Amino acid sequence: MVRGATQGAAWRLPRRRLAERLAEAGVKDARVLEAMASVPRHELVPEALRSRAYQDAALPIGDGQTISAPSRVAIMSEALELEGSETVLEVGTGSGYQAAILSRLASRVISIERLPGLAARARRALDRLGISNVVVHFGDGTAGRPADAPFDAIAVTAGGPAVPQPLLDQLAPGGRLVGPFGERGRQDLLRYRRAASGAITVEDLGPCRFVDLIGEHGFSA
Ligand code: SAH
(Lines give C-alpha, C1' and ligand atoms only; values in the text may rest on other atoms or scores of the structure.)
Protein backbone atom coordinates (compact mmCIF):
# COMPACT_ATOMS: atom_id res chain seq x y z
CA MET A 1 0.00 0.00 0.00
CA VAL A 2 1.82 3.07 -1.26
CA ARG A 3 0.04 5.54 0.99
CA GLY A 4 0.83 3.52 4.12
CA ALA A 5 4.43 3.03 3.09
CA THR A 6 4.89 6.75 2.47
CA GLN A 7 3.35 7.61 5.83
CA GLY A 8 5.59 5.08 7.55
CA ALA A 9 8.70 6.55 5.95
CA ALA A 10 7.83 10.04 7.17
CA TRP A 11 8.10 8.88 10.78
CA ARG A 12 11.44 7.17 10.38
CA LEU A 13 13.61 10.26 10.77
CA PRO A 14 11.91 11.62 13.93
CA ARG A 15 12.11 8.12 15.41
CA ARG A 16 15.83 7.84 14.63
CA ARG A 17 16.39 11.30 16.17
CA LEU A 18 14.54 10.19 19.30
CA ALA A 19 16.88 7.19 19.63
CA GLU A 20 19.88 9.50 19.16
CA ARG A 21 18.62 11.81 21.90
CA LEU A 22 18.14 8.81 24.21
CA ALA A 23 21.75 7.74 23.51
CA GLU A 24 22.94 11.27 24.34
CA ALA A 25 20.89 11.13 27.54
CA GLY A 26 22.80 8.04 28.65
CA VAL A 27 20.99 4.95 27.30
CA LYS A 28 23.86 2.62 26.34
CA ASP A 29 22.34 -0.75 25.38
CA ALA A 30 22.60 -0.85 21.56
CA ARG A 31 19.71 -3.33 21.28
CA VAL A 32 17.44 -1.03 23.29
CA LEU A 33 18.38 1.95 21.10
CA GLU A 34 17.73 -0.11 17.96
CA ALA A 35 14.31 -1.15 19.30
CA MET A 36 13.48 2.49 20.09
CA ALA A 37 14.53 3.44 16.55
CA SER A 38 12.29 0.82 14.98
CA VAL A 39 9.02 0.43 16.93
CA PRO A 40 6.37 2.79 15.43
CA ARG A 41 5.18 4.60 18.58
CA HIS A 42 2.86 6.73 16.41
CA GLU A 43 0.80 3.56 15.75
CA LEU A 44 0.23 3.11 19.49
CA VAL A 45 -0.90 6.61 20.50
CA PRO A 46 -4.37 8.06 19.81
CA GLU A 47 -4.59 9.40 16.26
CA ALA A 48 -4.99 13.02 17.43
CA LEU A 49 -1.65 12.86 19.27
CA ARG A 50 0.39 11.26 16.52
CA SER A 51 2.36 14.41 15.76
CA ARG A 52 3.76 14.17 19.31
CA ALA A 53 4.62 10.48 19.14
CA TYR A 54 8.39 11.03 18.95
CA GLN A 55 8.63 13.69 21.63
CA ASP A 56 9.97 12.37 24.91
CA ALA A 57 6.70 12.68 26.79
CA ALA A 58 4.01 10.50 28.32
CA LEU A 59 0.70 10.90 26.44
CA PRO A 60 -2.91 10.08 27.40
CA ILE A 61 -4.25 6.84 25.89
CA GLY A 62 -7.78 6.91 27.35
CA ASP A 63 -9.30 5.36 30.49
CA GLY A 64 -7.19 7.81 32.56
CA GLN A 65 -3.98 5.98 31.60
CA THR A 66 -0.82 7.05 29.74
CA ILE A 67 1.73 5.63 27.35
CA SER A 68 5.05 6.05 29.19
CA ALA A 69 7.63 8.53 27.90
CA PRO A 70 10.16 6.93 25.54
CA SER A 71 13.07 7.67 27.91
CA ARG A 72 11.22 5.86 30.70
CA VAL A 73 10.58 2.83 28.46
CA ALA A 74 14.24 2.81 27.35
CA ILE A 75 15.57 3.05 30.91
CA MET A 76 13.27 0.27 32.16
CA SER A 77 14.09 -1.94 29.18
CA GLU A 78 17.82 -1.41 29.67
CA ALA A 79 17.53 -2.16 33.38
CA LEU A 80 16.05 -5.58 32.56
CA GLU A 81 19.41 -6.57 30.93
CA LEU A 82 17.80 -8.64 28.16
CA GLU A 83 19.89 -10.63 25.69
CA GLY A 84 17.23 -12.14 23.45
CA SER A 85 16.32 -15.56 24.82
CA GLU A 86 14.21 -14.48 27.80
CA THR A 87 10.58 -14.90 28.76
CA VAL A 88 9.41 -11.54 30.10
CA LEU A 89 6.32 -10.61 32.09
CA GLU A 90 4.99 -7.08 31.79
CA VAL A 91 2.43 -5.78 34.29
CA GLY A 92 0.43 -2.89 32.76
CA THR A 93 0.10 -3.31 28.97
CA GLY A 94 -1.46 0.14 28.47
CA SER A 95 -0.88 1.08 24.83
CA GLY A 96 1.29 -1.95 24.12
CA TYR A 97 4.34 0.24 23.40
CA GLN A 98 6.63 -1.14 26.10
CA ALA A 99 5.50 -4.66 25.14
CA ALA A 100 6.43 -3.94 21.50
CA ILE A 101 9.88 -2.74 22.58
CA LEU A 102 10.34 -5.82 24.79
CA SER A 103 9.24 -8.07 21.90
CA ARG A 104 12.44 -7.05 20.08
CA LEU A 105 14.68 -7.62 23.10
CA ALA A 106 13.42 -10.98 24.37
CA SER A 107 12.01 -14.20 23.00
CA ARG A 108 8.53 -14.09 24.54
CA VAL A 109 6.52 -11.37 26.28
CA ILE A 110 3.48 -11.98 28.44
CA SER A 111 1.70 -8.75 29.30
CA ILE A 112 -1.23 -8.21 31.67
CA GLU A 113 -3.63 -5.25 31.70
CA ARG A 114 -6.40 -4.71 34.26
CA LEU A 115 -8.61 -2.55 32.01
CA PRO A 116 -10.39 -4.70 29.40
CA GLY A 117 -10.74 -1.88 26.83
CA LEU A 118 -7.02 -1.12 26.88
CA ALA A 119 -6.09 -4.81 26.77
CA ALA A 120 -8.26 -5.31 23.66
CA ARG A 121 -6.93 -2.18 21.96
CA ALA A 122 -3.29 -3.09 22.66
CA ARG A 123 -3.85 -6.63 21.37
CA ARG A 124 -5.28 -5.27 18.11
CA ALA A 125 -2.46 -2.73 17.73
CA LEU A 126 0.25 -5.37 18.28
CA ASP A 127 -1.48 -7.68 15.76
CA ARG A 128 -1.57 -4.85 13.23
CA LEU A 129 2.18 -4.36 13.69
CA GLY A 130 2.71 -8.08 13.04
CA ILE A 131 4.21 -8.67 16.49
CA SER A 132 3.62 -12.34 17.22
CA ASN A 133 5.71 -13.02 20.35
CA VAL A 134 3.58 -10.91 22.72
CA VAL A 135 0.50 -12.29 24.47
CA VAL A 136 -1.82 -9.80 26.19
CA HIS A 137 -3.95 -11.02 29.09
CA PHE A 138 -6.72 -9.14 30.86
CA GLY A 139 -6.55 -9.31 34.64
CA ASP A 140 -4.79 -8.24 37.83
CA GLY A 141 -1.07 -8.38 37.07
CA THR A 142 -0.05 -8.00 40.72
CA ALA A 143 -0.75 -11.74 41.03
CA GLY A 144 1.56 -12.46 38.08
CA ARG A 145 0.89 -15.46 35.81
CA PRO A 146 1.74 -18.65 37.72
CA ALA A 147 0.86 -20.69 34.61
CA ASP A 148 3.69 -19.06 32.60
CA ALA A 149 6.21 -18.64 35.46
CA PRO A 150 9.10 -18.52 36.10
CA PHE A 151 10.08 -15.33 34.26
CA ASP A 152 13.62 -14.27 33.39
CA ALA A 153 12.56 -10.64 33.68
CA ILE A 154 9.52 -8.74 34.94
CA ALA A 155 8.64 -5.12 34.10
CA VAL A 156 6.04 -3.44 36.29
CA THR A 157 4.90 -0.31 34.45
CA ALA A 158 2.52 1.11 37.08
CA GLY A 159 3.48 2.37 40.55
CA GLY A 160 2.59 0.30 43.62
CA PRO A 161 3.11 0.68 47.37
CA ALA A 162 5.65 -2.16 47.41
CA VAL A 163 6.81 -4.93 45.11
CA PRO A 164 4.05 -7.59 44.88
CA GLN A 165 5.32 -10.76 46.55
CA PRO A 166 3.77 -13.08 43.89
CA LEU A 167 5.93 -11.36 41.26
CA LEU A 168 9.14 -11.92 43.25
CA ASP A 169 8.04 -15.54 43.72
CA GLN A 170 7.70 -15.94 39.94
CA LEU A 171 11.19 -14.60 39.17
CA ALA A 172 13.62 -17.24 37.83
CA PRO A 173 17.06 -17.67 39.42
CA GLY A 174 19.21 -14.90 37.93
CA GLY A 175 16.04 -12.95 37.02
CA ARG A 176 15.46 -9.18 37.26
CA LEU A 177 12.28 -7.31 38.23
CA VAL A 178 12.13 -3.58 37.56
CA GLY A 179 9.29 -1.35 38.72
CA PRO A 180 8.26 1.83 40.53
CA PHE A 181 7.39 1.36 44.18
CA GLY A 182 6.67 3.72 47.06
CA GLU A 183 4.15 6.42 47.91
CA ARG A 184 1.31 7.18 45.51
CA GLY A 185 2.58 9.38 42.66
CA ARG A 186 6.14 9.50 44.07
CA GLN A 187 8.03 6.27 43.67
CA ASP A 188 11.57 5.02 43.22
CA LEU A 189 12.39 2.79 40.30
CA LEU A 190 13.67 -0.39 41.97
CA ARG A 191 15.49 -3.35 40.46
CA TYR A 192 15.18 -6.68 42.26
CA ARG A 193 17.46 -9.58 41.41
CA ARG A 194 17.09 -13.21 42.36
CA ALA A 195 20.51 -14.84 42.80
CA ALA A 196 21.07 -18.45 41.76
CA SER A 197 20.90 -19.25 45.50
CA GLY A 198 17.39 -17.76 45.60
CA ALA A 199 18.41 -14.68 47.63
CA ILE A 200 16.77 -11.39 46.57
CA THR A 201 18.70 -8.10 46.39
CA VAL A 202 17.39 -4.66 45.49
CA GLU A 203 18.90 -1.52 43.92
CA ASP A 204 17.38 1.97 43.74
CA LEU A 205 17.58 3.38 40.18
CA GLY A 206 16.17 6.78 41.20
CA PRO A 207 12.92 8.70 41.71
CA CYS A 208 10.06 8.47 39.21
CA ARG A 209 6.30 8.94 38.80
CA PHE A 210 3.93 6.39 37.31
CA VAL A 211 0.17 5.89 37.26
CA ASP A 212 -1.16 3.68 40.06
CA LEU A 213 -0.74 -0.08 40.19
CA ILE A 214 -4.20 -1.18 41.27
CA GLY A 215 -4.89 -4.69 42.45
CA GLU A 216 -4.73 -7.26 45.20
CA HIS A 217 -1.01 -6.59 45.80
CA GLY A 218 -1.13 -2.92 44.76
CA PHE A 219 -3.25 0.08 45.68
CA SER A 220 -7.00 -0.33 46.06
CA ALA A 221 -9.04 1.22 43.24
N1 SAH B 1 3.48 -0.13 29.53
C2 SAH B 1 2.45 0.81 29.16
C3 SAH B 1 2.30 1.85 30.25
C4 SAH B 1 0.87 2.03 30.59
S5 SAH B 1 0.50 2.90 32.08
C6 SAH B 1 2.74 1.44 27.82
O7 SAH B 1 3.83 1.23 27.26
O8 SAH B 1 1.86 2.10 27.27
C9 SAH B 1 0.26 1.55 33.21
C10 SAH B 1 -0.84 0.58 32.90
O11 SAH B 1 -0.92 -0.33 34.00
C12 SAH B 1 -2.24 1.17 32.75
O13 SAH B 1 -2.76 0.79 31.52
C14 SAH B 1 -3.03 0.54 33.91
O15 SAH B 1 -4.38 0.27 33.60
C16 SAH B 1 -2.25 -0.74 34.14
N17 SAH B 1 -2.41 -1.37 35.46
C18 SAH B 1 -2.52 -0.79 36.68
N19 SAH B 1 -2.64 -1.73 37.63
C20 SAH B 1 -2.59 -2.95 37.01
C21 SAH B 1 -2.65 -4.30 37.46
N22 SAH B 1 -2.81 -4.64 38.75
N23 SAH B 1 -2.55 -5.28 36.52
C24 SAH B 1 -2.41 -4.99 35.21
N25 SAH B 1 -2.36 -3.73 34.73
C26 SAH B 1 -2.44 -2.72 35.63
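## Briefing on a predicted protein model

Just after helix H3, Glu-81 takes a positive phi of about 55°. Helices (H or I, at least four residues) and strands (E, at least two) are DSSP runs, numbered from the N terminus. The model is predicted, so local features need pLDDT of at least 70 and side-chain atom pairs count only at pLDDT 80 or more, while totals for chains, interfaces and linings use all residues. Residues are numbered from 1 along each chain as its sequence is written, and side-chain values use heavy atoms, with hydrogens and water left out.

**Overall build**

- The protein contains 6 helices and 9 strands.
- Along the principal axes, the C-alpha atoms fill a box of roughly 55 × 35 × 30 Å.
- Of the 221 residues, 50% count as buried, meaning under 20% relative accessible area with a 1.4 Å probe and protein chains only.
- Contact means heavy atoms within 4.5 Å. Among contacts between residues at least 6 apart in sequence, 53% join residues at least 24 apart.

- Helix H2 covers residues 30-38, and its buried residues include Val-32, Leu-33 and Met-36.
- At the start of H2, a side-chain oxygen of Asp-29 comes to within 2.9 Å of the backbone nitrogen of Arg-31.
- Helix H3 covers residues 70-79, with Pro-70, Val-73 and Met-76 among the buried ones.

**Ser-95**

- Ser-95 sits in the loop between strand E3 (87-91) and helix H4 (97-103).
- Ser-95 counts as buried because its relative accessibility is 10%.
- The side chain of Ser-95 reaches the backbone nitrogen of Tyr-97 at 3.0 Å.
- Leaving aside neighbours within four places in sequence, Ser-95 is in contact with Leu-44, Ile-61, Ile-67 and Ala-122.

**Thr-142**

- Thr-142 lies in the loop between strand E5 (134-138) and strand E6 (151-156).
- Thr-142 has a relative accessible area of 1%, so Thr-142 is buried.
- The side chain of Thr-142 makes a polar contact with the side chain of Asp-140 at 2.8 Å. A polar contact is a pair of N or O atoms within 3.5 Å; within protein, one must be able to donate a hydrogen and the other to accept it, and residues adjacent in sequence count only if both atoms are side-chain atoms.
- A polar atom of the Thr-142 side chain also lies 3.1 Å from the backbone nitrogen of His-217.
- Not counting residues up to four places away in sequence, Thr-142 touches several residues, including Val-91, Pro-164, Leu-213 and His-217.
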